[in-house]
Amino acid sequence: MNFGADPLMKYQIIGRPPKKEDVREHFFAFLRQLENEGVPEVKIMFGFAWGNYIYEKDWLWETCSPAEVRYRVEEAERKKDGKIGDDDFYISVPGTNYERTYCHEGDIHFSSDKPNPILQEVKNAWTKLGWKVHEIFL
């Protein structure tokens with residue numbers, strides 16, 4: 001079974017908002033940002049535990065538009081298969097070297113395979129929001 005995050009990802013920040021609901025709000029704001037920037041497609045995967053209900057066998061990376069992601073997530077939440085912030089959800093933009101994981105533990109992991117200025121930008125933004133932020137560099 002594929003468990004999500006790329007094992008080559010070596011740089012990571014983890015942001016934990018004061019309220020678990022903020023993870024879900026951040027997720028939908030991120031989708032709006034992608035749409036506003038004209039990003040045509042993203043790679044996604046439903047992970048622990050809703051991936052067990054959504055996929056017939058192994059969890060699968062899929063490519064779809066940000067609007068399709070919104071629909072898929074809202075539909076899975078409506079069916080009570082899972083929920084952003086309660087289940088893992090992986091998303092990346094093809095051609096970039098980073099990935100976000102909306103984690104079942106109520107936080108967000110932002111990973112990259114090499115140093116990337118966007119990690120510092122995101123860390124600063126999350127810190128300004130009052131989130132606890134941890135850095136991991138392997």
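Mentor: Below we take some labels one by one and check them; keep in mind that this is a predicted model.

Trainee: Let's begin with the sheet. In what order do its strands lie?

Mentor: Seven strands form an open sheet in the order E3-E2-E4-E5-E6-E1-E7, with antiparallel pairing. The twist from one strand to the next averages 20°.

Trainee: What makes E3 and strand E7 (132-137) edge strands?

Mentor: Each of the two has a single partner strand, so one side of E3 and one side of E7 are left without a neighbour in the sheet.

Trainee: How do you know that E2 pairs with strand E3 (residues 62-64)?

Mentor: Pairing needs at least two bridges. Three bridges join E2 to E3, and the two strands run antiparallel. On its other pairing, E2 is linked to strand E4 (residues 89-92) over four bridges, also in the antiparallel sense. Isoleucine 44 lets you see both pairings: it stands opposite glutamate 62 in E3 and opposite isoleucine 91 in E4. Isoleucine 91, in turn, stands opposite arginine 100 in E5.

Trainee: Why is strand E2 (residues 42-46) called mostly covered?

Mentor: Four of the five residues of E2 are buried.

Trainee: Which helices lie against the sheet?

Mentor: H3 lies across E2, E3 and E4 and runs at about 15° to E2. Helix H4 (residues 117-128) packs on the sheet too, where H4 touches strand E1 (11-16), E5, E6 and E7; the direction of H4 makes about 15° with that of E1.

Trainee: Why are helix H1 (residues 21-36) and helix H3 (residues 66-78) described by a crossing angle, and what is it?

Mentor: The axes of H1 and H3 come within 9 Å and cross at roughly 155°. Angles over 145 degrees count as roughly antiparallel, so H1 is roughly antiparallel to H3. Residues making the contact include Phe27, Phe28 and Leu31 of H1 and Val69, Arg70 and Val73 of H3.

Trainee: Phenylalanine 27 and phenylalanine 28 are both in that list. Why is their ring pair called edge-to-face?

Mentor: The structure holds ten aromatic pairs. In this one the ring centres are 5.0 Å apart and the planes stand at 80°. Centres within 6.5 Å make a pair, and planes over 60 degrees apart count as edge-to-face, so the rings of phenylalanine 27 and phenylalanine 28 meet both conditions. Both residues also belong to one aromatic cluster with Phe46, Trp50, Tyr55, Phe89 and Tyr102.

Trainee: Are phenylalanine 27 and phenylalanine 28 buried or exposed?

Mentor: Buried means under 20% relative accessible area. Phenylalanine 27 has 0%, so it counts as buried. Phenylalanine 28 has 10%, so it is buried as well.

Trainee: And what makes arginine 100 a charge over a ring?

Mentor: The distance cut-off is 6 Å from the ring centre, and the charge must also be within 35 degrees of the ring normal. Arginine 100 lies over the face of phenylalanine 30 at 3.9 Å from the ring centre. The charged end of arginine 100 also sits over the ring of phenylalanine 110, 4.4 Å from its centre.

Trainee: Where is phenylalanine 110, and how do you know that it is buried?

Mentor: Phenylalanine 110 is in strand E6 (residues 108-112). Its relative accessibility is 0%, so it counts as buried. Among the residues that phenylalanine 110 touches are Tyr11, Ile13, Tyr98, Arg100, Leu119 and Trp126.

Notes. Residues are numbered from 1 along each chain as its sequence is written. This is a predicted model: local features need pLDDT of at least 70, side-chain atom pairs count only at pLDDT 80 or more; totals for chains, interfaces and linings use all residues. Side-chain values use heavy atoms; hydrogens and water are left out. Rings of Phe, Tyr and Trp (its six-membered ring) pair if their centres lie within 6.5 Å; planes under 30 degrees apart count as stacked, over 60 as edge-to-face and the rest as tilted. Buried means under 20% relative accessible area, exposed over 50%, partly exposed in between (1.4 Å probe, protein chains only). Contact means heavy atoms within 4.5 Å. Axes are lines fitted to C-alpha atoms, for helices over the stretch in contact, and angles run from 0 to 180 degrees between N-to-C directions. Angles under 35 degrees count as roughly parallel, over 145 as roughly antiparallel, 65 to 115 as roughly perpendicular and the rest as oblique. Lists of a residue's contacts leave out its neighbours within four places in sequence.
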